[in-house]
Amino acid sequence: MEQFAKAAISILFDGVAYAMLLFIISVGLSITMGLMGFANLAHGAFAMLGGYVMVSLMLKAGVPFLLALVLAAIIVALISVPFERYLYRRLYKAGELDQVLLSIGLVFMATATITFFFGPSTVSISVPEFLKGQVNLGFGIFPAYRTFTIAVGLVMIVALWYGFERTITGAKIRAAVDNRRMAQSIGIDVDRLFVITFAFGSGLAALGGGLAIEILGMSPTFALTYLVFFLIVVAVGGLGSIRGAFVAALVLGIIDTAGKYLWPDGGAFFIYAVTIGILLIKPEGLFGKA
Amino acid sequence: MTDTPSDSGFTPDARLYFRAREGWRWAEALPWIVAIAAFFVFPDYMALGTQILIAIIFALSLDLILGYAGIVTLGHAAYFGAGAYATGMLSAHLGWGEPISAMLFGGLVGAALGFLSGWVLLRYHGLTLLMLTLATAILLMEGANAAEYWTGGFDGLVGISIWPLFNHFEYDLWGHTYYWYALAVLFCCFLVARRIVHSSFGRSLVGIKGNVNRMHAIGTPVHGKLVKIYTISAGMAGIAGGLFAESNAYVTLDVMSFARSGTVLIMLVLGGTGRLYGAFLGTVVYLVLEDELAKLSPEFWEFGIGLLLVVVVLFMRGGMLGALDDLVAWARGKGKP
Amino acid sequence: MKIHKLLLGVTALFGLMAGQAMAETVKIGVVLPYSGGAAQFGEQIDRGMNLFISQNKDAFGGNEIELIKRDSKRPGGDIAKNAVQELITREKVNLLTGFVFSPNAMASAPLATQGKVPMVIMNAGTAWIPSLSPYIARVSFTMWHAGYPMGEYAHNKLGCKTAAIGFTDYPPGKDSRNAFTTGFEKAGGKVLEAIPMGGPREVPDFTPFFQRVKNAKPDCFYIFVPAGNHSVAVVKTYASLGMGDDGIKLIGPGDITQDTKLQDMPKEAEGMITVHHYSADYDTPRNKAFVKAWKDAYGADTTPDFMGVAGYDGMAAIAHAITAQSGKVTAEGTMKALSGWTYDSPRGKIMIDPETRDIIHDSNVHKVVSKDGRMMIEVIDTIPQVKDPCKANKIGKCK
């Protein structure tokens, strides 16, 4: 029995930590896809860029971990602006095939560029002392870095909830997701909103990328390797829904972890089976607009 | 695209128009002449040539659903892989290595899988369909990995031994036999595809792609037609997979990978969708460029293909053939749906 | 920042020695991953080969060699196989070498037989690969060179009664699992469980697998993951779960304490015990000279690891085979020349076993220690001149 409880707690904890990472990276994709209707497969490339900006900041400029994390998010958010303005914007009205191809093209270019400058190997960083080893949370001893990841995830959720539900910009974004034409006709500057949201989503992805270095490692193939997971979170959660992305990340994170723990031979079988199951029943995702 | 006419009641003009569309043009002989000439000009490149021909069959199968019926999928490799494993296992486990029947068996398995999955998946569209096709293909790959006893798992399926073609033409290291074999299969597949897209069934698919609500409104059984073309396409992909297994005598999980699904999509779009020959041009350009450029530097190649995609999407919506169309104003049936 | 150098199809052309009219040009097809996540291995082996060539210009008996390089990309088998086919039919190479991943070597083996082209394997470590073609010789190592002695050592010297195994789920992983299990259980230990931990292509989040082992509380935790990106994540996960405090010893083949990755590991790596045949920290004059030449050639911040040495030794073997046949390379001739070939490698004395065409070398017990602020390998024991135990004991596919 004790063994069982121990297993359950570790599955839950690791699953939630993994889920937070998925959530932070994917939520931006969910919002941009919901708002702009753009199937942006290059979202993972912005996360990867965040990881590499962070590595450069820490190793080349000696910026401390936490500051580098925040700076990476801001820098990538700024970098993403011209992409939205000059590339993505041209395809908002195109079909998803064109969008998929454009963004996959960008992923290839990003991967090649990163390989050119940083080499093909995984890069890693050294996290500050307080994030190494284990911490005692009172109800158990847990890995410090994962605890930190969960904390960041929770902070992001609260901030996002506040931003979307309690600020004017958030209200405008919600309005535009619900009905873009109507929002435009009541004087919301949707173009500007798009830039802001896109930059914000990319910045969040970069934050997630920075956090992921320590857990998943960072290499030029990151953008493509984990793309499928991000897309699954978005599709299962429902486009444009923060709550959806959160629940989907939790479900998938915990199920994936449990599958690996309880049935390691099954590989990644679970996560895809669950995805298909959910999408067959709810094609618009758990919290998507029908 | 003009409004899709119903099966009867064509005005003479329209009938002439469709007959002209369907008729063979001299330019259509060109790819076949090139394929035959390539054998004599580059005899040392036939191993690559065979892989190109197989990839063309695969891309052609995708064109049927993407270019004509508008089904966007990120999991078409599932059927290619199913065909490859079916053909491979037939030989490795049951000892049947007759190439043509083994390949057709691969096609049959691909088609069966296409029918089953299509019947369920084609009720969905847009992003949901993208994700479902993607997840289905990966699930199948994980299944193949788990069924190690049958598929060899990650080690790959070894022990495939294919008999000589017509009991006479042996497989050779230079790929000469298989080049002709693959070319013949491609030609048959092409004839089938061409017949389909010019049939009234093919035209109704284009109608579904153009405006699905209108097709519903005029009473077309949309789902049934989509499943039908999806099954045919999956069967063709399975044939390509079977051919792949035979020419390599080795099958690994890679045959079902996301990378393969993505690559075939890219090849087709580069060439141009909805025009059959786009599959030819896109595949040849992609694979030859890869073969040559990747030798110089893999990063250059990866960056180059990315850039090419961006350029095609932004400036050449119809792919290379589309650009060619615009350039020469070659065909009268220019109205791409 | 290091600019990735252009990989030109033809990179090395070495001039005729004056007056040697009989010199031949030997074309060597090199199949290595030059792109994707595994490109770091391709780079190591490539550098090892080039270092040998630049140091030993006259080792080739006055013959010219031409390296024709092809990218094998992924471990899937088909790309490498196509590359090999093309190298044989189009480039008409006399010799094949490289091969990092086992599936790639396995898929290519029938072509070596069919085309009668000898194949010198520089890494792929699944034990039974040389049995796939009579024209394969291996200069690197097999999973059993490390796994089997590790099993014996873990029980007899480290005092582990029980062990858990975590392995990456592909041929060398399973091979390594079998090697360790055989060695450990023959010595009297008990393997509690063997956990497959995903495929080799991407680094998974190891936590759930490790958590399972942590709860099972074995004395030793034997890990096989492919060299490179996986190993750092392994040690980090081991550290973050505090498994060392629970008294679980982390052991494995030297793949998980690769020299190039050691400095990225957290301090919990200290005390890890692995069995392997090479580390850049070996304190021998031969190795010191080798490491110095490497750093001179490729920069002070680079380190050779066991793959770099395999590239170096492989080129030495090829040079020997070319010289022995006066540049007229055949498959039979090459195998004859390599049979019983010995060499004073940076890793110590090596020999190609005439029976199995596989390598014989010392397996050393490595301990990770921290010295002067950097992680280092210390050799604490040596098992001399190990013949691949899989073939020696005729286990499974090794016959």
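## Stop 1: a helix pair in chain B

Select residues 46-68 and 258-271 of chain B, which are helix H3(B) and helix H12(B); in this predicted model the two pack at an angle of about 75°, with their axes 9 Å apart. That angle makes H3(B) roughly perpendicular to H12(B), because angles of 65 to 115 degrees are counted in that class. Two packed helices are described by the angle between their axes and the distance between the axes.

Now show side chains. From H3(B), the contact uses Ala55(B), Phe58(B), Ala59(B), Leu62(B), Asp63(B) and Leu66(B). From H12(B), it uses Val264(B), Leu265(B), Met267(B) and Leu268(B). Colour them by class: the contact of H3(B) with H12(B) has nine nonpolar residues, no polar ones and one charged. An α-helix has 3.6 residues a turn, so residues three or four places apart point the same way.

## Stop 2

## Stop 3: chain A by itself

Hide everything but chain A. It has twelve helices and two strands, and along the sequence they follow the pattern α-α-α-α-β-β-α-α-α-α-α-α-α-α. The radius of gyration of chain A is 19 Å, close to the 19 Å that the globule rule gives for 290 residues, so chain A is as compact as a globular protein of that length. Its C-alpha atoms fill a box of roughly 60 × 50 × 35 Å along the principal axes.

Of the 290 residues of chain A, 57% count as buried. Among contacts in chain A with a separation of 6 or more, 75% join residues 24 or more positions apart.

Next, select residues 242-262 of chain A, helix H11(A). At 1.5 Å a residue its 21 residues should span 30 Å, and the end C-alpha atoms are 30 Å apart, which agrees. Of those 21 residues, 16 are buried, so H11(A) is largely enclosed by the rest of the structure.

## Stop 4: where chain C meets chain A

Bring chain C into view beside chain A. The contact takes 30 residues from chain C and 32 residues from chain A. Helix H1 (39-55), strand S8 (190-196), helix H6 (207-216) and helix H7 (229-240) of chain C each supply at least two residues of the side that touches chain A. H6(C) gives the most to that side, with six residues. The residues of the side of chain C that touches chain A divide into 13 nonpolar, twelve polar and five charged.

## Stop 5: a covered helix in chain C

Finish with residues 78-89 of chain C, helix H2(C). Its twelve residues should span 16 Å at 1.5 Å a residue, and its end C-alpha atoms are 16 Å apart, which agrees. How many residues of H2(C) are buried? Twelve of its twelve residues are, including Asp78(C), Lys81(C), Glu86(C) and Ile88(C).

Show the surroundings too. The buried residues of H2(C) pack against H3 and helix H11 (222-248) of chain B. They also pack against strand S2 (25-32), strand S3 (64-71), strand S4 (95-98) and helix H3 (102-115) of chain C.

How values were computed:
Residues numbered from 1 in each chain as written. Chains lettered and ligands numbered in written order. Predicted model: local features only at pLDDT ≥ 70, side-chain atom pairs only at ≥ 80, totals over all residues. Helix = DSSP H or I, 4+ residues; strand = E, 2+ residues; numbered from the N terminus. Rg over C-alpha atoms; globule rule 2.2 N^0.38 Å. Buried ≥ 20, exposed ≤ 12 C-beta atoms within 10 Å, placed from the backbone. Contact = placed C-beta atoms within 7 Å. Nonpolar A, V, L, I, M, F, W, Y, C, P; charged D, E, K, R; others polar. Axes fitted to C-alpha atoms, helices over the stretch in contact; angles between N-to-C directions. Parallel < 35°, antiparallel > 145°, perpendicular 65-115°, else oblique. Expected span 1.5 Å × (residues − 1).
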